[in-house]
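The following note sets out numbered points for a colleague who wishes to examine the model alongside its sequence. Please read them with the structure displayed.

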Amino acid sequence: MRAILLLALLVLLAGPVGPYSFPGTLHSVSAALSMPNPEYTLQANFNGWNFSQSSGTNPTIVSSFLFPGQILTANAYVVDGLTHSLAYYQPGTQPLQVSQFDICGPANTCLAMVSLPPSTPGALQFAFSSASTFELYCQFHPFQMHGKVFVYRSPDTNGDHAVNIIDLVAVALVFGDNSTSSGFRPSSDLNRDNVVNIVDLVVVALNFGRTV
Ligand SMILES: [Cu+2]
């Protein structure tokens, strides 16, 4: 009963016309990550992505609106006069495995890439196909320029393309479960931390009413 009240409150607070903001556990790099069709901008610097910026150097990109199938828009521009690139790699790819000669494609180690010549900003739109934490590299300087992209599990827990009360209840009913619980459902653990809690409920609430 407490969970039902909680979710009712969340729907009121963060419905489809809600503020679309929630302080995540990982820092984000721009307000544009706090709304549908998330977008971010990074400075390309040999010393690290967003070196010395308020986001922190080599940030993790995280958004409650980033889950499989959702388009993430990356913008980047060079601040040190060098040539860089912004590329997404499979989870766990190490700097030694990254090269400017990698061919990027949906089934490759490098998933997608945009070149960043010194004087021309680059943009890359990409939809990750799985819920995981991907690597964000400059292929020219993979040891220095290495961030991450956190992709949630879909708040559309039953796969009917609508985020609605069914999905909110699916999370609320297993609220408090962790991966050792007998009824644990990974599909309700949206942030993949092996416990179903307020963070997971909020991701559903923020997307409530959306077609995804
Ligand atoms: Cu670089």
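1. Buried residues account for 37% of the 212 residues in the chain. A residue counts as buried if 20 or more other C-beta atoms lie within 10 Å of its own, as exposed if 12 or fewer do, and as partly exposed in between, with C-beta atoms placed from the backbone.

2. The model is predicted: local features need pLDDT of at least 70, side-chain atom pairs count only at pLDDT 80 or more, and totals for chains, interfaces and linings use all residues. Residues are numbered from 1 along each chain as its sequence is written.

3. The chain contains three helices and eight strands, and along the sequence these follow the pattern α-β-β-β-β-β-β-β-β-α-α. Helices (H or I, at least four residues) and strands (E, at least two) are DSSP runs, numbered from the N terminus.

4. Of the contacts in the chain with a separation of 6 or more, 65% involve residues 24 or more positions apart. Contact here requires that the C-beta atoms of two residues, placed from the backbone, lie within 7 Å.

5. An open sheet is formed by five strands in the order β2-β8-β7-β4-β5, with mixed pairing. Because β2 (60-62) and β5 (110-116) stand at the edges, each with a single partner strand, one side of each is left without a neighbour in the sheet. Neighbouring strands of this sheet are turned by 20° against each other on average, direction ignored; the axes are lines fitted to C-alpha atoms, for helices over the stretch in contact, and angles run from 0 to 180 degrees between N-to-C directions.

6. Two strands are taken to pair if DSSP finds at least two bridges between them. β2 pairs with β8 (residues 146-150) in the parallel sense over three bridges, and valine 62 has phenylalanine 150 in β8 as its bridge partner.

7. Strand β7 (residues 133-137) is largely enclosed by the rest of the structure, because four of its five residues are buried. β7 pairs with β8 in the antiparallel sense over five bridges, where threonine 133 stands opposite phenylalanine 150 in β8. β7 also pairs with β4 (residues 84-89), in the antiparallel sense over three bridges; the bridge partner of tyrosine 89 is glutamate 135 in β7.

8. Which residues of α3 are buried? They are Asp200, Leu201, Val202, Val203, Val204, Ala205 and Leu206. Seven of the nine residues of helix α3 (residues 198-206) are thus buried, so this helix is largely enclosed by the rest of the structure.
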